[in-house]
Protein chains: 2
Amino acid sequence: MSDKTTSPIPNLSRRSLLKAGLATGLTAGAVGSARAGGDPLITEIQEWNRYLGDGVQARPYGTPSEFEAHVVRRDVEWLTASTESSVNFTPLHELDGILTPNGLCFERHHGGIAEIDPAAHRLMINGLVDTPLVFTMEDLKRFPRENRIYFLECAANSGMEWRGSQLNGCQYTHGMVHCVMYTGVPLKLILEEAGIKTNAKWVMPEGADSSAMTRSIPMEKALDDCLVAFKMNGEALRPEQGYPLRLVVPGWEGNMWVKWLRRIEVGDQPWHQREETSKYTDLLENGKARRFTWVMDPKSVITSPSPQAPVPHGKGPLVISGIAWSGNGRISRVDVSLDGGRNWTTARLDGPSLPKAMHRFYLDIDWDGSDLLLQSRAMDEHGFYQPTKNELRAERGENSIYHNNGIQTWHVKADGTAENVEVS
Amino acid sequence: MSDKTTSPIPNLSRRSLLKAGLATGLTAGAVGSARAGGDPLITEIQEWNRYLGDGVQARPYGTPSEFEAHVVRRDVEWLTASTESSVNFTPLHELDGILTPNGLCFERHHGGIAEIDPAAHRLMINGLVDTPLVFTMEDLKRFPRENRIYFLECAANSGMEWRGSQLNGCQYTHGMVHCVMYTGVPLKLILEEAGIKTNAKWVMPEGADSSAMTRSIPMEKALDDCLVAFKMNGEALRPEQGYPLRLVVPGWEGNMWVKWLRRIEVGDQPWHQREETSKYTDLLENGKARRFTWVMDPKSVITSPSPQAPVPHGKGPLVISGIAWSGNGRISRVDVSLDGGRNWTTARLDGPSLPKAMHRFYLDIDWDGSDLLLQSRAMDEHGFYQPTKNELRAERGENSIYHNNGIQTWHVKADGTAENVEVS
């Protein structure tokens with residue numbers, strides 16, 4: 001990742017010097033430690049103080065530091081039979097704030113990543129409309145547009161938690177969620193341009209990838225806050241997120257946010273497509289299924305400490321950090337428990353609070369070094385709150401992999417390591 | 001950028017088919033065009049509908065589409081003598097919304113990019129404090145932290161506009177600005193940990209790069225909203241933005257946001273360092289200089305259409321889009337002129353409105369196809385507004401390259417092309 005050709009010292013020797021310096025046995029002290037006798041890493045001139053580094057245009061499109069190479073999306077090979085219809089996970093334990101960088105937004109594909117030249121992309125509106133229309137990308141960019149920060153969560157996020165703790169880390173248990181700013185045209189404007197017939201009650205977005213993803217969406221939602229989006233976090237959509245065009249369905253399950261959006265059919269009833277019947281319905285204990293479970297209910301998870309982000313220091317000041325979101329609107333409150341749900345403390349929400357977006361919470365504690373059973377519980381502005389996993393199981397059984405917003409528990413041990421556990 | 005090894009069809013043949021398809025002479029029509037006889041790009045099955053694309057983990061850290069390869073930071077070679085002390089520019093004309101992706105945030109270095117292992121990085125607080133302290137990165141992550149979206153603008157942004165229109169595109173005239181979400185510890189908490197002596201009135205941050213950047217900041221600002229930041233847009237700072245630690249000085253000129261932050265000295269008077277005397281002061285016509293011109297005053301620019309983003313279609317619906325920001329707080333209003341400042345229309349502000357952050361504005365017009373002299377004029381919540389360039393020159397002459405927040409003009413011609421012009 002690093003181009004050192006402009007540096008007067010070769011890469012390897014610089015790195016070797018650095019490693020030699022680190023081998024002197026320095027350890028991190030308590031917060032605000034005054035290091036007796038001085039710390040050579042601050043009192044002595046370092047290699048990076050001494051020599052010119054890379055100039056501008058070493059990387060016209062920038063990349064992370066080589067010291068952050070471990071911060072990547074990861075998959076779980078045994079979860080799926082192919083990589084083209086598969087999923088990987090956002091490294092939530094390495095992130096902070098409420099935004100996900102585009103390069104780290106989890107991927108879920110049903111037929112691999114379609115690579116589409118935007119000049120060759122079209123969006124058709126047909127069905128129960130006055131005038132069927134075909135738009136180029138340039139056509140769409142002539143409509144008034146909006147910018148909104150929204151979370152996107154796969155309905156199957158935390159799906160493996162229905163039957164117990166099988167994956168050890170919030171990247172895997174909760175990493176099918178991301179949150180970015182979208183730029184797009186309100187779907188309402190596109191539908192109005194075509195003219196909706198009076199008996200039109202549903203729309204069906206269709207993807208241009210090899211899976212031709214299709215879902216049914218009620219007209220009320222289509223006319224409310226859905227966007228036909230072409231940018232995320234300021235720049236063009238990434239290929240794996242539907243470049244050049246995706247549907248944004250705020251607060252609703254990610255599968256409905258059709259990527260590589262090529263067509264929107266308008267109809268008078270739902271289509272009962274494969275991905276809303278055999279998949280993305282919630283099979284109950286009695287063999288019946290909940291269908292059209294679109295809204296992602298309030299949910300939260302502690303991202304640090306967590307199994308992949310152990311406490312790197314001993315007792316004393318400890319920042320407990322996590323994320324919360326709700327498809328109903330804003331998060332109004334998050335409580336944190338240190339003892340598996342017996343006692344709760346209201347966490348500090350920090351950063352912008354936007355509807356159907358991620359929220360960041362913190363609880364700053366003075367850790368006594370004893371075992372913790374960390375939990376978080378989110379509540380949204382409409383009073384909906386996050387249930388325990390057992391409350392969910394009592395209601396819905398364990399047949400489904402969808403819509404598990406149960407409270408997560410991390411067991412943090414005295415040595416700082418953590419693991420995914422269940423408390424009864 | 002693209003790994004096609006998992007695809008059943010080789011890359012070249014797929015691309016050739018696509019190009020053949022495009023050669024049939026399709027052109028973009030008006031908004032919502034109903035294409036008579038059908039458009040084969042929507043009525044026929046395309047290559048990307050037919051075959052599986054790349055699976056997950058093709059790119060564990062994602063990259064933009066190959067069709068976006070032109071969206072990069074660019075420099076102007078004749079502006080600086082070296083690349084290590086130089087600048088490149090954010091491609092504002094290709095972006096939308098209020099956030100800048102980390103890979104596209106402009107770079108300004110005085111000694112190249114320091115590459116620092118976070119395990120070897122230290123922050124010292126010394127000078128007029130009760131206890132000089134040295135922090136590791138892990139130490140800093142034990143303090144309560146905040147997440148805030150702020151713009152960062154170089155004091156020299158639009159510097160070449162003082163003497164007329166020399167650079168043809170908003171990337172070059174206004175691209176030394178970006179806007180991201182920072183995660184960091186309030187500087188106030190760090191200073192309080194060390195204990196500030198009663199005669200302490202100033203702080204001096206120092207960078208760990210080879211230029212050892214140093215600036216004087218009054219204590220009032222240090223205790224107000226400054227952050228010691230380690231993340232941007234959710235992930236670790238990028239190397240060129242000061243990884244692993246930078247100072248955030250909201251609303252104030254970018255040079256003060258010291259990167260690779262290694263030390264903060266506390267003192268009773270400013271230090272009058274090189275970068276606040278011979279540089280980053282504003283030389284006036286009479287040979288005297290304005291010094292300590294920290295706040296970035298309200299400013300705006302139309303990003304599309306603009307010289308690098310011509311109108312790709314004829315008359316009819318046209319989205320005029322731009323950005324505005326103020327170091328004083330929120331933007332309250334942006335006006336747009338189509339005729340070089342004679343008549344003004346209030347633009348639509350869209351997206352979150354946050355203090356000292358970027359704001360996005362739009363004016364959706366029905367273009368009659370005649371020449372436009374596009375201008376935008378920002379006002380902030382404190383009533384400060386953006387002056388004309390001539391008003392600025394009358395006040396400050398043309399000796400300085402700093403703090404030019406004058407109104408920018410693009411001449412949009414009937415053929416859709418645009419260029420940087422001045423109107424008197």
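The side chain of Arg238(B) makes a polar contact with the side chain of Glu235(B), at 3.0 Å. A polar contact is a pair of N or O atoms within 3.5 Å; within protein, one must be able to donate a hydrogen and the other to accept it, and residues adjacent in sequence count only if both atoms are side-chain atoms. The model is predicted: local features need pLDDT of at least 70, side-chain atom pairs count only at pLDDT 80 or more, and totals for chains, interfaces and linings use all residues. Residues are numbered from 1 along each chain as its sequence is written, chains are lettered from A and ligands numbered from 1 in the order in which they are written, and side-chain values use heavy atoms, with hydrogens and water left out.

Arg238(B) sits in the loop between strand 10 (235-236) and strand 11 of chain B. Strands (E, at least two residues) and helices (H or I, at least four) are DSSP runs, numbered from the N terminus. The relative accessible area of Arg238(B) is 3%, so this residue is buried. Buried means under 20% relative accessible area, exposed over 50%, and partly exposed in between (1.4 Å probe, protein chains only). Residues up to four places away in sequence aside, Arg238(B) touches residues of both chains, including Gly62(A), Thr63(A), Pro64(A), Tyr61(B) and Tyr243(B). Contact means heavy atoms within 4.5 Å.

The interface was examined next. In chain B, 121 residues are in contact with 121 residues of chain A. Together the two chains bury about 10,000 Å², with 56% of it on carbon and sulfur atoms. Buried area is the accessible area (1.4 Å probe) that two parts lose on being put together, summed over both. Across this interface, 50 residue pairs are in polar contact, both residues at pLDDT 80 or more. Six salt bridges are counted between chain B and chain A. A salt bridge is a side-chain nitrogen of Lys or Arg within 4 Å of a carboxyl oxygen of Asp or Glu. Arg122(A) forms one with Asp39(B), and their closest N and O atoms are 2.6 Å apart.

Thr183(A) belongs to strand 6 of chain A. Its relative accessibility is 1%, so Thr183(A) counts as buried. Beyond its neighbours within four places in sequence, Thr183(A) is in contact with residues of both chains, among them Arg145(A), Phe230(A), Asp96(B) and Tyr362(B). Thr183(A) and Ile149(A) lie 34 residues apart in sequence, and their C-alpha atoms are 9.0 Å apart in space.

Aromatic rings were then searched. The whole structure holds 18 aromatic pairs over all chains. The rings of Tyr182(A) and Trp257(A) have centres 5.7 Å apart and planes at 55°, so this pair is tilted. Rings of Phe, Tyr and Trp (its six-membered ring) pair if their centres lie within 6.5 Å; planes under 30 degrees apart count as stacked, over 60 as edge-to-face and the rest as tilted. Tyr182(A) is in strand 6 (residues 177-186) and Trp257(A) in the loop between strand 11 (246-248) and strand 12 (261-267) of chain A, so the pair ties together parts 75 residues apart in sequence. Both residues, Tyr182(A) and Trp257(A), are buried. In chain B, Tyr182(B) and Trp257(B) form a tilted pair, 5.7 Å centre to centre with 55° between the planes. Ring pairs also link Trp202(A), Trp252(A), Phe292(A) and Trp294(A) into a cluster.
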